[in-house]
Amino acid sequence: DGLADLVARFSPSAVADQMREAQYSFSLGDLRRAVAKRELVMHYQPKVTAHSGVMRGVEALVRWQHPELGLVAPASFIPMAEEGGLIDELTDFVLETSLKQLREWHARGLTISVAVNLSARSLSTPDLADRVAAVTSRIGIEPKYLLLEITETAVMSDLALSLGTLARLRLKGFGLGIDDFGTGFSSMQQLSRIPFTELKIDRSLVHGASEKPHLHVMLQSTIEMGKKLHLTTVAEGVENPSDWQLIRLLGCDVVQGFYVSKPLPGDALATWLKQGTQHLRPPRPSMG
Ligand code: C2E
Ligand code: MG
Ligand code: MG
Ligand code: MG
């Protein structure tokens with residue numbers, strides 16, 4: 001039985017669990033409790049027009065307010081939620097919370113839209129489009145104010161499987177954004193088959209583009225491709241005025257990034273807006 005014990009302890013799944021715990025310093029059980037106890041919180045990051053810095057919408061980004069670890073970033077628990085079968089519950093929480101926040105903003109005359117991230121796993125859930133439509137109508141938001149972001153790699157990993165869900169969402173009137181674009185290998189032909197409305201260019205192509213000619217070229221052709229496909233083009237990861245200026249000159253529609261604002265809790269975002277967005281005006285091109 002010593003051997004059996006050893007085999008059990010070092011079975012692939014047990015090793016995977018140990019690695020996960022070591023890596024994350026929390027367990028799937030902790031995360032399950034956090035989702036159930038509503039320890040998850042939403043932050044919202046503005047998306048503003050590249051031309052004049054007017055706020056168009058926000059992206060909803062989930063965080064875990066952990067009692068000991070503090071605010072935990074989504075990259076360290078979303079994969080665990082996906083593997084552990086918690087992602088649908090998490091997505092439902094994110095949708096519900098973000099749409100209620102949006103209803104509050106709309107009631108105060110701020111008619112912006114909200115973008116929610118969907119994981120690859122949710123796309124293969126057959127009833128996703130119906131669930132999204134149900135929560136949106138229950139909270140009283142028109143579909144055009146909700147945009148769903150899906151990463152390029154998630155969509156392309158199983159295009160046949162995702163396509164049905166994405167088409168149903170689009171037919172119901174929701175916006176569809178392709179996220180982190182430029183990190184995968186999708187072709188324009190593949191992209192044109194999916195009813196996307198927005199193209200979000202990954203920050204690896206955006207950050208430092210004003211100083212790096214090879215990024216400049218890729219950025220330019222990506223923006224052009226987005227325009228040819230009639231998509232709203234968004235540059236993420238704008239951290240400095242010179243990148244914003246380049247992006248604006250290349251004709252990109254929307255910018256998002258720390259230079260504009262970090263993701264903020266809902267009430268902090270309202271305060272930020274009240275202060276006025278004059279400071280948001282993009283830098284003018286320098287002369288000479
Ligand atoms: P994403 O959807 O590409 O979101 C943008 C990420 O870039 C956010 O990280 C945001 O804080 C960060 N970011 C924004 N501006 C800048 C910038 O100027 N510089 C840099 N370096 N980073 C910037 P965050 O919040 O840590 O989220 C990471 C990823 O986790 C998201 O990437 C998204 O894929 C995933 N995620 C976040 N919330 C959710 C959610 O509710 N559901 C699902 N399924 N995934 C989520
Ligand atoms: Mg996103
Ligand atoms: Mg992104
Ligand atoms: Mg990302």
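These legends describe close-up views of the ligand and metal sites in a predicted model. Residues are numbered from 1 along each chain as its sequence is written, and chains are lettered from A and ligands numbered from 1 in the order written. Local features need pLDDT of at least 70, side-chain atom pairs count only at pLDDT 80 or more, totals for chains, interfaces and linings use all residues, and side-chain values use heavy atoms, without hydrogens and water.

**View 1. The shell around ligand 1.** Ligand 1 has 21 residues around it, each with a heavy atom within 4 Å. Arg63, Asn117, Asp179, Glu239 and Phe258 come nearest. The shell holds nine nonpolar, five polar and seven charged residues, with Gly counted as polar. Strand S2 (55-66) gives the most, four residues; strands are DSSP runs of E, at least two residues, numbered from the N terminus.

**View 2. Polar contacts of ligand 1.** A polar contact here is a pair of N or O atoms within 3.5 Å. A side-chain N or O atom of Gln45 lies 3.1 Å from a nitrogen atom of ligand 1. A polar backbone atom of Val62 is 3.2 Å from a ligand nitrogen. Asn117 places a polar side-chain atom 2.9 Å from a ligand oxygen.

**View 3. The magnesium site.** Glu59 (OE), Asn117 (OD1), Glu149 (OE) and Asp179 (OD) coordinate the magnesium ion (ligand 2) at 2.0 to 2.2 Å. Donors are N, O and S atoms within 2.8 Å of the metal (3.2 Å for Na, K and Ca); water is not among the atoms, so sites may look incomplete. Glu59 lies in strand S2 and Asn117 in strand S4 (residues 113-117), so the pair ties together parts 58 residues apart in sequence.

How values were computed: A polar contact is a pair of N or O atoms within 3.5 Å; within protein, one must be able to donate a hydrogen and the other to accept it, and residues adjacent in sequence count only if both atoms are side-chain atoms.
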